[in-house]
Amino acid sequence: MKILLYFSFILLSCCTTIGSDDNTPVRLEISLDSDLSRATSSNLLPVGSEIGIFIVESVNMEAIYDGEEEKYRNIRVVRTIDGWRMDRDVILKSFPGKVVAYYPYKEGLTDMYIPLNSEEDRTFLFGQGETEVSESSPKVLIRMQSPFTIVRFWLRQSAPGSSVFATELRLRNYPQFTSLCIRGNVGLSTQSINPVLGSPHISVIDDQGYIWFTDKYRNVDFFVFPCRMRAAEIIFEARIDDRYYQYVIPPATWIPGMVNEYYLTFNN
């Protein structure tokens, strides 16, 4: 198994005070940086992308900053050609707050516990400011991360020039285990990833109703919640000619934001 970095975004939020009086409006001017190339980052969050921002109390992060929910809850930030634009100005106070963020933006979101399905919400990202914000400290660095891990299988047929097709590829929990999860939630205030339901199995198949592979490696990806396997808890299966061929995943820790790669060869 080889583990590679999947993706990690860094959002730099700079707050510029307008005027000099106390409690004056403050606009967050957000720019994007990334551990990946700028071209890749631009493709992942293109112009028109929308991010949601919450500002919460630094001590009790379940509470909205200053108690004014309409001002500090679910602020929409849109990427434009000129950078990131907020829907409204933010007034920072003398006492500190924390900034938490998520992508993509959801209108009407009020709860900071966001339900997720790893098969449907693959692009979801979340994060929080590394420092507190206030009138005297208006700049914050926000690191965004994925709550999911990718399980990638590279598949090929051993015989040169040969090919085979599978009518189903799937991951499943071994009986009595619940490590494999595709449903759960993310807590923005706690920055927690919470799988809530073990999945009997998840399948991958293409639009043609089968997956064709030859003597050249071809990859398929499963998006799941991170987990730690101490034993044979998850099984990969390929259905070929109405028979399931199995590969038992060895003990491993699947970390959020990472790709876990497995290379498998079918011997006719």
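One aromatic cluster is formed by Phe153, Phe222, Phe236, Tyr247 and Tyr262. Rings of Phe, Tyr and Trp (its six-membered ring) pair if their centres lie within 6.5 Å; planes under 30 degrees apart count as stacked, over 60 as edge-to-face and the rest as tilted.

This is a predicted model, where local features need pLDDT of at least 70, side-chain atom pairs count only at pLDDT 80 or more, and totals for chains, interfaces and linings use all residues. Residues are numbered from 1 along each chain as its sequence is written, and side-chain values use heavy atoms, with hydrogens and water left out.

Let's start with the overall picture. The protein has 2 helices and 23 strands; helices (H or I, at least four residues) and strands (E, at least two) are DSSP runs, numbered from the N terminus. Of its 268 residues, 47% are buried, meaning under 20% relative accessible area with a 1.4 Å probe, protein chains only.

Across the whole structure there are 17 aromatic pairs. Here are two of them:

| Pair | Type | Centre to centre | Between planes |
|---|---|---|---|
| Phe153 and Phe236 | stacked | 4.0 Å | 20° |
| Phe213 and Phe266 | tilted | 5.1 Å | 40° |

Phe153 sits in strand β11 (residues 149-157) and Phe236 in strand β20 (residues 234-240), so their pair ties together parts 83 residues apart in sequence. Phe153 is buried at 0% relative accessibility, and Phe236 is buried with a relative accessible area of 2%.

Phe213 in strand β17 (residues 211-214) and Phe266 in strand β23 (residues 258-266) link parts of the chain 53 residues apart. Both Phe213 and Phe266 are buried.

Key: Buried < 20%, exposed > 50% of the residue type's maximum accessible area, 1.4 Å probe, protein only.
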